[in-house]
Amino acid sequence: MKDHEQRIVHVNRAYREHHGARLEELVGKTEAALGRPDAPLHAERDAQVLSGIFVDIPSTPVPRRDGRAMPFHVVCAPLRDEQNRITGIVQSARPIRGDEMQGSDQQTERGEAHNRALLRVIPDMYFLLDREGTYVDFSAGRGMDTALPPALFLGKRVKDVTPDLAQWAMACVDEALRTGDLVRHEFRLFAQGKWIDYEARAFATGPEHTLFIVRDISAAKLTERQLREAEARDRAFEEQSMFGVFMLQGSRLVYVNPKLAEMLGQERRALLGDDGLTSLVMKDERADLGAFLRSIERAAEGSEEARGQLALRACRKDGAPLFLETFGARVTFGDAPAVIGVVLDVTARREAEEQQRRLQDELIRMQEMMVVEMSTPLIPITDQIVVMPLIGSLDDRRAEQVMGRLLSGVSGCGARVVIMDITGLSSVTTQTASALVRCAQAARLLGATVLLTGMRADVAQTLVEMDVDLSGVVTLGTLKAGIAHAMRRTGG
């Protein structure tokens, strides 16, 4: 017996005597390690058996240690464990004497019985068909319903007993007998209340017979289908996704889906490799991207640090700017840490936000202008008299607006008297008083007289304390008094 690496694990006394070797000299060694001249032949044959093939060699020379070779009938079969996995090889070699070489019927019958005994230990179902498709031998093994008796098959034609198998079984018989090669075929049967997948391996055991070994491969087929379906789902998600998908290992981009390549205006193969993604990011943000990816890749898988989000500015191949949002997570790929990322193109959203911001700024500007217009109106009383009521506070910016509004109004309508009503001013400071004086002086330069109305007691006291020079400015308590004074001054 040999293990799955073709090393000898046990030999019987007859084997040791034939080769003139002790047990400890043989166990653990391969045929090549023992220096056997036919070692390559043994290695090839053992590889076939480990793949599940039953090998029957009616006559082959087996050399002894002294160099003499004797003919042996060699039969090799795979050894299997309880899970039906091949774990090694069992080999039986029976010497053929001179009378056997002449075709002794008795020895032939003994050899066939020996072969049948070996077949019985194989857990797979097997059957032997002759050239005409007649069952010569049959064993259900563990591969099918073990209640099937051999008598149901033996001596009957395959097309009569199992018509569903007849077409492909006879095709295998013809090919195996014609070529001498191993023939494989997969099929399904409804057995034990369910559909079961099988694999049949057929090979010629002589000029007229073909041996079939049938194995249940349902578990392997189910796993294969599940993997294929999972791969198809993953591929459909990645290939048809509306999001860009990439996988990065170290600094090397190992996968890019079509959407990300389209998003960046690049060929997929041009992105793969070192720095394939980083080179498209704006230079001032490349360091941030590298640090982001490295932190995720080095984090413990499943931790909070093993995933994250980053906003980036990138550039398409044609130069168009891009705003991207990247979501990354740590995974294991090929027994090494990697980062899988999803990329969203948020350029349209960012442009809409920027447009909204510009509109908002413009709206605010227009509102401020309206407030200025409303807070510093210039109201004509007659063709020669205008009134400007001042409301709220009067800072430097507001003072400039009042000055501009006042001068443009005076020069525009040719007013001779300007009434500045300060009833609505919230407070009067040195800055406010200085602004009022500058407005009055500017108006006088245009030939207009300035009246200051709405002078409250507290305002008058403040102006006196500040020692404000109001020479040349007529001050009155109320707007009504100011209008009356202006009317008399203009002859109204």
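Colleague: Which residues does His19 touch, not counting residues up to four places away in sequence?

Modeller: This is a predicted model, in which local features need pLDDT of at least 70, side-chain atom pairs count only at pLDDT 80 or more, and totals for chains, interfaces and linings use all residues. Residues are numbered from 1 along each chain as its sequence is written, and side-chain values use heavy atoms, with hydrogens and water left out. Contact means heavy atoms within 4.5 Å. On that basis, the residues touched by His19 are Arg36, Val62, Pro63 and Arg65.

Colleague: Is His19 buried or exposed?

Modeller: His19 sits in helix 1 (residues 13-19); helices are DSSP runs of H or I with at least four residues, strands are runs of E with at least two, and both are numbered from the N terminus. Buried means under 20% relative accessible area, exposed over 50%, and partly exposed in between, with a 1.4 Å probe and protein chains only. The relative accessibility of His19 is 8%, so His19 counts as buried.

Colleague: At what angle do the axes of helix 13 and helix 14 cross?

Modeller: Axes are lines fitted to C-alpha atoms, for helices over the stretch in contact, and angles run from 0 to 180 degrees between N-to-C directions. The axes of helix 13 (residues 396-413) and helix 14 (residues 430-445) come within 10 Å and cross at roughly 20°. That makes helix 13 roughly parallel to helix 14, since angles under 35 degrees count as roughly parallel, over 145 as roughly antiparallel, 65 to 115 as roughly perpendicular and the rest as oblique. The crossing angle is roughly 20°.

Colleague: Which strands are the edge strands of the open sheet of six strands?

Modeller: Two strands pair if DSSP finds at least two bridges between them. The sheet has the order 12-11-10-15-14-13, with antiparallel pairing. An edge strand pairs on one side only, and here the edge strands are strand 12 (273-274) and strand 13 (307-315).

Colleague: In strand 14, what is the bridge partner of Gly308?

Modeller: Strand 13 and strand 14 (residues 321-333) run antiparallel and are joined by nine bridges. In strand 14, the partner of Gly308 is Gly328.
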